[in-house]
Amino acid sequence: MLSSIVASSAFAELRATGDLGVVIERESGSAVIVNTTSHQALAKVDGLGDLSHASVVFSRDQRYAYVFGRDGGLSKIDLLQDKLDKRIVQAGNSIGGAISQDGKLIAVSNYTPGGVKIFSADTLALVADIPASYADGKLSKIVGLTDAPGQRFVFSLFDAGEIWTVDVKNPQKPVIQKYPNIGKEPYDALMAPDGHYYIAGLFGEPGLALLDLWQPELGVKRILPDYGKHDEKLPVYKMPHLEGWAVAGDYLLAPAIGHHEVLVIDKKTWQLVKAIPVPGQPVFVMARPDARQIWVNFAFPDNNQLLVIDAKDLSLTKLLTPGKGVLHMEFTPRGEQVWVALRDDNQVVVYDTETLQEVARLPVQKPNGIFFSARAHKIGL
């Protein structure tokens, strides 16, 4: 029996899942499976719907990629067989999702109708439906959905100004904890890499909302409530993303809304250390895995630039101009390279993060997001 198994598998292509990633093609509704070491595009999977604001999480074994589409689509891609394993349309308008700590549940955050739906990662069967009800039955748009230790999901209610945690140890009976009055219009959120803090950015007023997940009984704390309070904000052409926040030693670095600044926050006191002037409105502020470098991209009209900041002294190392429409960045697991999506040039460019020299370019149609399978083993991604 063993010999027949060996014989039948001898002709199959062997592929290591830890070396794989997915690049989203925004306009064609496709995902390109890539090899991160050889800089190769291996296959394209079509039929994924509206990917204008797509995000991806990976199964625990790194075999499957779950793609969250803007049209409410949830797609499960088999990275070894280069095919769409299953796709459902679970809502009218969704904005991302997360995978549970044990890898068995997929949660999706929805704008329409407002709420979170939880599915089996294996079959995509619905397990729980959590409407984001507030104010006499209104439904809020959900943002900032992320996984958390303790088999929990955490998310923010944009319209209600609340943060909710959901314990899904028993997914048929999820336990919800609500934190009201966190601030006006939370637009996105971040999870600390160790799962300690959940921080929601506020669009409707200055500051951030902080929930200490080690001490949730303390409630939500407002931090930086006076930043930019009396300054004139610039028009916001693209909302900053907090998922790719940067942690460097005792500091957190985050994009400032409506300002050409990166905020440096002391994570012991939650006070502003400084605001670093940058050449545009930052969208992603991301740390290399060793936290020595901070990479920043910008909203239109400065979205042809990438800025590298040295975390040692917070100095500006280099301003790169890789091409048109820099949208998303993703570091290889140990940070020796970074992949950058150039939407308007139909390319992905790869940089050596030590020399800051370009090492490869891949043709990809309207790349919108880059996600590597190493995310499977990280909290909050």
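Phe 371 touches Gly 21, Val 22, Ile 24, Ala 54, Ser 55, Val 56, Phe 58, His 328 and Glu 330, leaving aside residues up to four places away in sequence. Contact here means heavy atoms within 4.5 Å. Phe 371 sits in strand 34 (residues 367-372). With 4% relative accessibility, Phe 371 counts as buried. Buried means under 20% relative accessible area, exposed over 50%, and partly exposed in between (1.4 Å probe, protein chains only).

The model is predicted: local features need pLDDT of at least 70, side-chain atom pairs count only at pLDDT 80 or more, and totals for chains, interfaces and linings use all residues. Residues are numbered from 1 along each chain as its sequence is written, and side-chain values use heavy atoms, with hydrogens and water left out.

Now the whole protein. It has 1 helix and 34 strands. Both are DSSP runs numbered from the N terminus: helices are H or I with at least four residues, strands are E with at least two. The radius of gyration is 20 Å, close to the 21 Å that the globule rule gives for 381 residues, so the protein is as compact as a globular protein of that length. That radius is taken over C-alpha atoms, and the rule is 2.2 Å times the number of residues to the power 0.38. Along its principal axes, the C-alpha trace spans about 70 × 50 × 35 Å. Of the 381 residues, 56% count as buried. Among contacts with a separation of 6 or more, residues 24 or more positions apart account for 42%.

Next, the surface and the charges. The protein exposes about 16,100 Å², and carbon and sulfur atoms supply 50% of that area. Areas come from the Shrake-Rupley method with a 1.4 Å probe; for residues, only the protein chains shown count as cover. There are 38 positive and 43 negative side chains, and the centres of the two sets lie 2 Å apart. Lys and Arg count as positive, Asp and Glu as negative; His and the chain ends are not counted. Each charge is placed at NZ of Lys, CZ of Arg, CG of Asp or CD of Glu.

Look now at strand 18 (residues 186-191). 6 of its 6 residues are buried, so the strand is largely enclosed by the rest of the structure. Strand 18 runs antiparallel to strand 19 (residues 197-202), and 5 bridges join them. Two strands pair if DSSP finds at least two bridges between them. Pro 186 has Leu 202 of strand 19 as its bridge partner. The hairpin has 5 residues between the strands, and Gly 195 takes a positive phi near 75° there. Ile 199 lies in strand 19 and is buried, at 2% relative accessible area.

Backbone exceptions come last. Most residues other than glycine have a negative phi, and most peptide bonds are trans. Thr 112 and Pro 113 are joined by a cis peptide bond, with omega about -10°. Pro 113 lies in the loop between strand 9 (105-112) and strand 10 (115-120). The bond from Phe 300 to Pro 301 is also cis, with omega near 10°. Ala 135 has a positive phi near 45° and is partly exposed at 44%. Asn 346 has a positive phi of about 55°, in the loop between strand 31 (337-342) and strand 32 (347-352).
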